Amino acid sequence: MSEFFLELFSEEIPPNLQINAREKLFLDLNKFFKEHELKVKGSTASFSTPNRIIINFQHISKNVLKKSQEIKGPSVNAKPEALKGFLKSHKIKESKIYSKSTEKGEFYFYNTPEYKINTYDLLKENLPMILDKINWNKSMKWGSNQMFWGRPLKSILAIFDGKKIDFSYNHLKSSNFTFVDKDFEEKIKSFTNFKSYNAYFKSKKIILSQDKRKEFILNELNKISKRNNLLIDVQENLINEITNIVEKPKIILCEFDKKFLQIPKEILVITMQNHQKYIPTFDKNQNITNFFLVVSDTKDLKGYVKLGNERVVEARLNDAEFFWNRNKSQNLIKQLSDLKKINFFKGLGSYFEKTQRIKNLGSLISDEFMISKEKIEIASSICKVDLKSDLVAEFPELQGIMGGYFAAAQGFEKEVCQSISEHYLPSGLDSRVPKNLYSITLSLSDKLDTLVGFFGLGLIPTGSRDPYALRRYTIALVRLIVENKIKIKLRSIINYSLTLYKEQGYEFDITIVIKELNNFILDRLKNYSKDKDIRLDIIESSILSNDIDELYNGYKKAEILNRNIKKELGKDVVEIYKRSSNILNYEINKNKLELTDTVDTGLFKNDFEKNLYKKIQETKKYFLNFDKNDNYEDSLKELFKFKQDVNLFFDNVKVNDENELIKKNRLELLNLLCKSFDNFFNFSKIEG
Amino acid sequence: MVSNKKNSKKNILSFQDAILNLQKYWSKQGCIILQPYDLEVGAGTFHPATTLRSLGTKPWRTAYVQPSRRPTDGRYGDNPNRLQHYYQFQVLIKPSPDNIKKLYLNSLISLGIKHDEHDIRFVEDDWESPTLGAAGLGWEVWCDGMEITQFTYFQQMAGIECNPVSVEITYGLERLCMFIQNKKNIFELNWNDRGILYKDVFHQSEKEFSAYNFEYANTDNLFKIFDMLEDEAKTLTEKKLSLPAYDQCLKASHVFNILDSRGVISVAQRAEYIARIRELTINIGKVWVASQI
């Protein structure tokens, strides 16, 4: 058993490309060894730093014995040319073949000889092809070379069993050395095994393993923040990125001038986190502090690194402070007309027109929610003004949030500020959903306006393409309604939205918009329910009986039935329905009956019929008095109460009576029974 | 740091000396030292010594200072970090040499920035210029968290695949000097070592040009001028005069930038104007390449 060791040294490769290349290469090598039936034992490793991709297999068999294979040739009755061709293509003499009879007659056969392949030769021959299989999301050329790589590839160190694997890869030749100084590329060193390679870099304080590097950084961050009584909230994607842009991390505690703490904290966090990849810190009351942690890739010998990073943050915060002071005092109302200059979307007018529309939509919704119409109208009018502020130009991800801050600075009421701040929420599947009715109203009207407009222009998402994020908006809409348990008649709001567009001169095909948007919203509800592990047949049945005006109820009923579907309650309700509807449908189809939805009680022949009818009447009364705020589990239980009467009916009554009138009357009774169930929803598509 | 005997505040490299050092350094690396292009451009990349010379197969090494204008970045001289007119030091080498990182790091040493005393990082930055029909892969170079250089391997210019590939190194001179001189405000930079500051040279200009860019530029005229320049560029391209045609294209591009900073170009229009400039560049690029054979 021998060691395989590969290092690809390049100029700095960005984190994602680097990770992807490392994983793909490791996977492909594993596949390759398996394909060639090479035994792999002991530890394997795939490491990367910004400049190095390192693969190591501690023990691989030195060679592999390719066993003899029986190869079938032409039939003995075939023309001689066929046999000649077979011999030629396998480069064998006639003496090596033999004939054997099979189910399909007698054929010639040939046994390939057993042979050994050296792993070294296999690697030598195949490594270039394996390297070619790395699929870079973005790749480049450099100099006069014709090859593509994530960033310029400088050397390939390839070792098997202590020896250099000799091969060419484009303009490069493999070797047993690498550049040990990543920047100047002046010092080279040769290695014959991974152990000495690893030890060498360890002595230089370079952590080759990304996992160990991450662990080291996290430990250091925690240690330093603890020592200084600071709290940190390290974002997973940030720490992953940092891990992959350093090789010998050092954590430095830095600070900025306390005066910047008066700037909205979101700006501080984004400046540090997104722009500079620093870790912001908080005190025990979760207030942001003026301390931050920097992961440097070098020891700060003279204190320049700390000083430099502090200066960068201060320069950026200075800029932000300048904008903050300027923007917060710019009167939001006076800037409204400036929105006329910002196009919302071609064919849907300016942002000014959009805010006018959502103001009216908000006003309509505020009636349903019984909240202050005046506040929602103010919030709608000014919610987009922050788009033209310097701060949002600088920090686009803070749209809305900045508007909220500006409104607060200018003395608008709390609900107005909060709703502006939250009106882009929820922004994704994991994003927070606003709970405040004002925020919900503003978010709903903004999204519905966008959806109606884009559907009006015929820009309906198809397949997986969704360039205008309409799917995301619709999921947001579903979440706003379902997770806040809101009852809202979307149909009338969509209609009103279409009227508002029309008043501004934007005319759409109303029927198409309503139909398509309706289906689109219901599809999103379906996906949302699927994510919540609700069975597809259940949510689909619920959607059939509950349209977009009943989004919450539709979801809730599905959720309740889903929760009970494996329990007695759910099972039995479905079974009672199915038993009745099966007989009913069979008879209707067979006899081409037309039902009148009325039962003649005079035709009842026994108490079983009477009792069932009585029960149906009771259930009817229950659902008539049913308040939509009531518990749907109760409704399910109400239907469950049919169990006894239905069972007794089927056990004792013959539906198929000789008397056609009695038979028809009994089918009418079953029809009414099924209709009672429809009060919950149509169970016909539920799988038993 | 590079010492300067006459400097009373010793060891502080002045703005003008930083330029001189970079010129000297890159001259030693075989770059011809050019002077700034004599038209308003948004970045050193727009100099024909970069755009056009990066096309075709002939080797090319140059370095030059380029005054760059970004009308929307003007702040009336009030903001310590932003200017509508600033300087870039630009290096372009075709084909990109294998040891370019080393060459670059040594250029920092010529400015007194020693590699082992600072955290120098090559941070992913894919570059794209829609107006130039250009794209490249590379990094922004961070020194102790501050971006001091753009480092790009051109992959495409004027819509044409680059072969061989050029490497472009662009130093933001003001930022770099703020770093070297430890200044928090651009206007406080030492221009020379005799007490002249950046503000003495440029503060009034920032104020007046911000007013022009944001308030007084005659937009009706500029829209007309844009159309005229575009026509001229097209005519010249047809006559196979790539360099004069490219000049018109640069002028048009600057006019567009002023219109943009006057806030009279809508989002949809913006895309349209950029597409118009790109079309000019792409056609000029073809004429230039054909003339190089």
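Is A:Gln286 buried or exposed? With 9 C-beta neighbours inside 10 Å, A:Gln286 counts as exposed. The model is predicted. The contact between its chains takes 34 residues from chain A and 36 residues from chain B.

**Contact between chain A and chain B**

- Chain B contributes 36 residues to the contact, and chain A contributes 34 residues.
- On the side of chain B that touches chain A, the elements that give two or more residues are helix 3 (100-109), strand 4 (120-124), strand 6 (134-143), strand 7 (146-157) and helix 8 (267-291) of chain B.
- Strand 4 of chain B, with four residues, gives the most to this side.
- The side of chain B that touches chain A divides by class into 15 nonpolar, ten polar and eleven charged residues.

**Helix 17 and helix 18 of chain A**

- Helix 17 (residues 510-531) and helix 18 (residues 536-545) of chain A have axes that come within 10 Å and cross at roughly 150°.
- Helix 17 of chain A is therefore roughly antiparallel to helix 18 of chain A.
- The crossing in which helix 17 of chain A passes helix 18 of chain A is right-handed.
- From helix 17 of chain A, the contact uses A:Leu522, A:Leu525, A:Lys526, A:Ser529 and A:Lys530; from helix 18 of chain A, it uses A:Leu536, A:Ile539, A:Glu540 and A:Ile543.
- The contact of helix 17 with helix 18 of chain A comprises five nonpolar, one polar and three charged residues.

**Helix 1 and helix 4 of chain B**

- In chain B, helix 1 (residues 15-28) and helix 4 (residues 173-181) pack with their axes 10 Å apart, at an angle of about 110°.
- This angle makes helix 1 and helix 4 of chain B roughly perpendicular to each other.
- Helix 1 of chain B passes helix 4 of chain B in a crossing that is right-handed.
- The contact is formed by B:Phe15, B:Ala18 and B:Ile19 of helix 1 of chain B, together with B:Leu173, B:Leu176, B:Cys177 and B:Ile180 of helix 4 of chain B.
- By class, the contact of helix 1 with helix 4 of chain B has seven nonpolar residues, no polar and no charged.

**Helix 15 of chain A**

- Helix 15 (residues 470-483) of chain A has 14 residues, which at 1.5 Å a residue should span 20 Å; the end C-alpha atoms of the helix are 19 Å apart, which agrees.
- Eleven of the 14 residues of helix 15 of chain A are buried, so the helix is largely enclosed by the rest of the structure.
- Among the buried residues of helix 15 of chain A are A:Leu470, A:Tyr473, A:Thr474, A:Arg479 and A:Val482.
- Helix 14 (437-456), helix 17 and helix 19 (551-564) of chain A are the elements against which the buried residues of helix 15 pack.

- A:Ile365 belongs to helix 9 (residues 351-369) of chain A and counts as buried, with 25 C-beta neighbours inside 10 Å.
- Apart from its neighbours within four places in sequence, A:Ile365 is in contact with A:Thr441, A:Leu444, A:Ser445, A:Ile488 and A:Ile493.
- A:Ile365 and A:Leu444 are 79 residues apart along the chain, and their C-alpha atoms are separated by 8.9 Å.
- A:Ala82 sits in helix 2 (residues 80-89) of chain A and counts as partly exposed, with 14 C-beta neighbours inside 10 Å.
- A separation of 61 Å lies between the C-alpha atoms of A:Ala82 and A:Arg471, which are 389 residues apart along the chain.

**Backbone features in loops**

- The peptide bond from A:Leu425 to A:Pro426 is cis, and its omega is near -10°; A:Pro426 is in the loop between helix 13 (414-422) and helix 14 of chain A.
- B:Asn163 and B:Pro164 are joined by a cis peptide bond with omega about 0°; B:Pro164 is in the loop between strand 8 (160-161) and strand 9 (167-172) of chain B.
- A:Lys205, although not a glycine, has a positive phi of about 65°.
- The loop between helix 4 (194-203) and helix 5 (210-227) of chain A holds A:Lys205, which is exposed, with 12 other C-beta atoms within 10 Å.
- A:Gln286, in the loop between strand 17 (279-282) and strand 18 (288-296) of chain A, has a positive phi near 70° and is a residue other than glycine.

How values were computed
Residues are numbered from 1 along each chain as its sequence is written. Chains are lettered from A and ligands numbered from 1 in the order in which they are written. This is a predicted model: local features need pLDDT of at least 70, side-chain atom pairs count only at pLDDT 80 or more; totals for chains, interfaces and linings use all residues. Two residues are in contact if their C-beta atoms, placed from the backbone, lie within 7 Å. Ala, Val, Leu, Ile, Met, Phe, Trp, Tyr, Cys and Pro count as nonpolar, Asp, Glu, Lys and Arg as charged, and the others, Gly among them, as polar. Axes are lines fitted to C-alpha atoms, for helices over the stretch in contact, and angles run from 0 to 180 degrees between N-to-C directions. Angles under 35 degrees count as roughly parallel, over 145 as roughly antiparallel, 65 to 115 as roughly perpendicular and the rest as oblique. A crossing is left-handed if the near helix is turned anticlockwise from the far one by less than a right angle, and right-handed if clockwise. The expected span of a helix is 1.5 Å times one less than its number of residues. A residue is buried if 20 or more other C-beta atoms lie within 10 Å of its own, exposed if 12 or fewer, and partly exposed in between; C-beta atoms are placed from the backbone.
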